[in-house]
Amino acid sequence: MTIQQVFFLAVAAITLFAAVMVVSTRRIMHAALWLILALFGVAVSFALLETGFFAVVQVVVYIGAIAILIIFAVMLTRQVFLDVGPQLNRGWWIPAVLVAGLYAALVGVLSTWSGFQTQAAALPEAASDLSQFGLALVDVNAYAVPFEVASVLLLGALVGAIFVASDRKGVER
Amino acid sequence: METPAFTPAMFLAVLPELGLLVLAGLVLFADILLRRRRERDLGLLTFGGLLLVAGLTLVFSRPNLVPELVFGGMLRMDWATYVFRLVFLIGAAISVLFTMDSDRRIRGGAFYLLVIVSTLGMNLMAASADLIMLYLAIETTSIPLYVLSGALVRDQKSTEAGIKYMLFGAFTSALMLYGFSLLYGFTGTTQMYALKDMFDTGAIPTAALVLVALLILIGFSFKISAVPFHFWAPDVYEGAPTPVAGYLSTASKAAGFAVLLRFLAVVFPDLYPSWLLVAILAVSSMIAGNVLAMTQKNIKRLLAYSSIAQAGYMLIGVAAGTELGYTSSIFYLISYLVTNLAAFGIVVIVGRTVGSDEIASYAGLSRRSPGLALALMVALLSLGGVPPFAGFIGKLFVFAAAVQADMIWLALVGIVNAVFALYYYLVVLKVVWLNRSENEEEKIPVTRPWALAVVVCVAGMLLLGTLFAPWYQWAMQAATAF
Amino acid sequence: MIPLSWYLIFAAALFCIGLFGVMARKNAVAILMGVELMLNAVNINLLAFWRYLYAPDFAGWTFVAIVLVAAAAETAVGLALIISVYRRRSTVVVDDLSLMKG
């Protein structure tokens, strides 16, 4: 076993453990902190895939923005923050069985696919050229339309989030 | 399929989207600049803008007979895109008419802006020919709709509807996305029209494709609220502002069908289990929707369950998988659009005066507002499939398609369901026409935008139910263009 | 070296854990966290496929970028809705959100 393999296994184990803690820990604040660890593990695995760009984006967007947003939400809904009752539905074993079945099906099906055991070839030079990626995003013959629509989506989400979260006092029946 | 290089003429292919973007900007600025009487003016601006965009689309975005991929294969210009775009734009315009004057708590341009953005997303859903574009379009549609469902921020039911819709939507779209990622992994392409050729090489195990189809169908079933992914629908329809519920049950459902039809026709045409799954979805949606609708006391919940059953009828055409099947589904969608918008619209109008959505509070409606009672009768009879209204022709074609595709059992299940469903529509009509109430002298005011919208919907139902040939022609051109 | 299968098995596990969180958790914020885990699993899948089989084509990268944008938008709107519900009800536990039944 090479050092790289050992490193990958360690990262994967930590990430999956953190993920299990996210979905099982009682205190929601702790879950948020475990989530940050899991997201960081994903960022490291991106780096192992030689996509350093997305490793950085993962840290900035997921940990820097999304996780912090979640922590804000946890703190704003503070009663839950103190909530230490059971955090799982009573019938939680049904999803557990379903998910285990899905996992077995996924791995079983994937292992019958011919590309499953592919070994990594050296990454072509062009693949790490970020400026080419930037050009592809604004090229009308490539991904310009999704790129523009993504900005519309963000505008809609921005307006929508402000619309529902802006404070108007009082409760109506 | 070849992807031609960009030419400026391709901008015509996204004319509706560009128009909607301009309109969104106008609404935002008008919201800031117009201070007095702005609620109504913004509604009129949005309505006019949507109509204008629909008109421009009708004239300038008419596709060639040979479909073409545009913008690097992201979008496809064909008759299916064209017809569905018009459906969404008209659905949105009518929904905006019903929104005006409906609820003082719906404030400002943000509401209309979100309607426009989600309509833009639906347009792109119908046009998408690429997995990346499709996922993005679905999110662009859904995210504004989550907010619109929770738009009455002081109303507990509405905020709850928003959160339920959001959680369920995020969950199913993540499942679907995992399916997309596997499709990319197996084939190396995200171009929907290239996927099938890669399947045909036989390098991908069928079991893997079935699993992927299952994951993706879950995402689509959520959008069309087919059983067993319908749980959100009754709660969301009841809690959301009524015009939004109408919009969700018609345009949003049509968008779900647009991608479902394209996906099945283009990506999985030879995968038998996926068609079987659709047939199962159809049967379970019809039965569960109709059975649960029988016991409802709230008209919005009744319409929610009825819309689940209606999705089941439309899925019959999809499951048939033939040209007639597709045509009948699209025709059904068009007739369902005007019918259900009218039904929800009348709920808006009555709810504004009566202040309740309970079926019992519709007693004496025929005396308080004969016109509305008549329109409601037309809408419910059309939903029930009674001639000479649109719903009858729609059901006729769907069942014929099932028979033609040797799925007589499916047609029989549909017919039995349609007969039973008529019962609960008639119960509502009985309350409206026969039951008496104390305040029968009190008239129900109908503002001009509402009157216009109701008249348009009723005319649509009659037109589609009698002179159906030209619309059927359109549906057929769309069905054969995928 | 690490074969592709390791990444795919890792991603599938992360996806399933997230899915379990979504289906079993009561708290709306925790459900959203489960969705984030699922979306991360999708991104690992996409980048692994890209790295092992399809580099240097940019489809995989674009897909990942779009997923990131959509995830950010979805989380922002989701948390805004959660805060909006919390203001009215002082709870974000989905089981307690049962004004409407049947």
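How many residues does the contact take from chain C and from chain A? In this predicted model, the contact takes 63 residues from chain C and 71 residues from chain A. The elements of chain C that give two or more residues to the side touching chain A are α1 (4-24), α2 (28-54) and α3 (59-89), and α3(C) gives the most, with 21 residues. By class, the side of chain C that touches chain A divides into 48 nonpolar, 10 polar and 5 charged residues.

- The secondary structure of chain C comes to 3 helices and 0 strands, and from the N terminus on its elements run α-α-α.
- Of the 102 residues in chain C, 76% are buried.
- When contacts in chain C between residues at least 6 apart in sequence are considered, 49% of them join residues at least 24 apart.
- Chain C also touches chain B, with 34 residues of chain C in contact with 31 residues of chain B; on the chain C side, α1, α2 and α3 each supply at least two residues.
- The largest share of the side of chain C that touches chain B comes from α3(C), with 17 residues, and the residues of that side are 26 nonpolar, 5 polar and 3 charged.

**The largest nonpolar core**

- The largest nonpolar core has 320 residues, and those with the most contacts inside it are I70(A), L75(B), A319(B), A342(B), I346(B) and V77(C).
- The element that gives the most to this core is α3(C), with 21 residues.
- Not counting residues up to four places away in sequence, I70(A) touches A32(A) and L35(A) in chain A, together with V29(C), L32(C), M33(C) and L79(C) in chain C.

**The two domains of chain B**

- Chain B is divided into domain 1 (14-269) and domain 2 (271-482), and the centres of these two domains, taken over C-alpha atoms, are separated by 21 Å.
- Between the domains of chain B, 46 residues of domain 1 are in contact with 49 residues of domain 2.
- On the side of domain 1 of chain B that touches domain 2, the elements giving two or more residues are α3 (79-99), α8 (206-224), α9 (232-239) and α10 of chain B, with α10(B) giving the most, at 15 residues.
- That side of domain 1 of chain B has 31 nonpolar, 10 polar and 5 charged residues.

- Helix α1 (residues 15-33) of chain B has 19 residues and reaches 27 Å from its first C-alpha to its last, which is close to the 27 Å expected at 1.5 Å a residue.
- The buried residues of α1(B) are P16(B), E17(B), G19(B), L20(B), L23(B), A24(B), V27(B) and D31(B); seen down the helix axis, the buried residues of α1(B) fall within an arc of 155°, so they line one face of the helix.
- An α-helix has 3.6 residues a turn, so residues three or four places apart point the same way.
- The face of α1(B) turned away from its buried side carries the exposed residues F29(B), I32(B) and L33(B).
- Leaving aside neighbours within four places in sequence, I116(B) is in contact with L20(B), L23(B), A24(B), V27(B) and T46(B), and L20(B), L23(B), A24(B) and V27(B) are among the buried residues of α1(B).
- The C-alpha atoms of I116(B) and A400(B) are separated by 37 Å, the two residues being 284 residues apart along the chain.

**Helix α7 of chain B**

- In helix α7 (residues 192-200) of chain B, the residues M192(B), Y193(B) and L195(B) are buried; seen down the axis of α7(B), its buried residues fall within an arc of 155°, so they line one face of the helix.
- On the other side of α7(B), the residues D197(B) and D200(B) are exposed.
- Following α7(B) comes G202(B), whose phi is positive, near 80°.

Note on methods:
Residues are numbered from 1 along each chain as its sequence is written. Chains are lettered from A and ligands numbered from 1 in the order in which they are written. This is a predicted model: local features need pLDDT of at least 70, side-chain atom pairs count only at pLDDT 80 or more; totals for chains, interfaces and linings use all residues. A residue is buried if 20 or more other C-beta atoms lie within 10 Å of its own, exposed if 12 or fewer, and partly exposed in between; C-beta atoms are placed from the backbone. Helices (H or I, at least four residues) and strands (E, at least two) are DSSP runs, numbered from the N terminus. The arc is that of the directions from the helix axis to the C-beta atoms. Two residues are in contact if their C-beta atoms, placed from the backbone, lie within 7 Å. Ala, Val, Leu, Ile, Met, Phe, Trp, Tyr, Cys and Pro count as nonpolar, Asp, Glu, Lys and Arg as charged, and the others, Gly among them, as polar. Domain bounds come from an automatic or database domain assignment. A nonpolar core is a set of buried Ala, Val, Leu, Ile, Met, Phe, Trp, Tyr and Cys residues joined through C-beta atoms within 7 Å. The expected span of a helix is 1.5 Å times one less than its number of residues.
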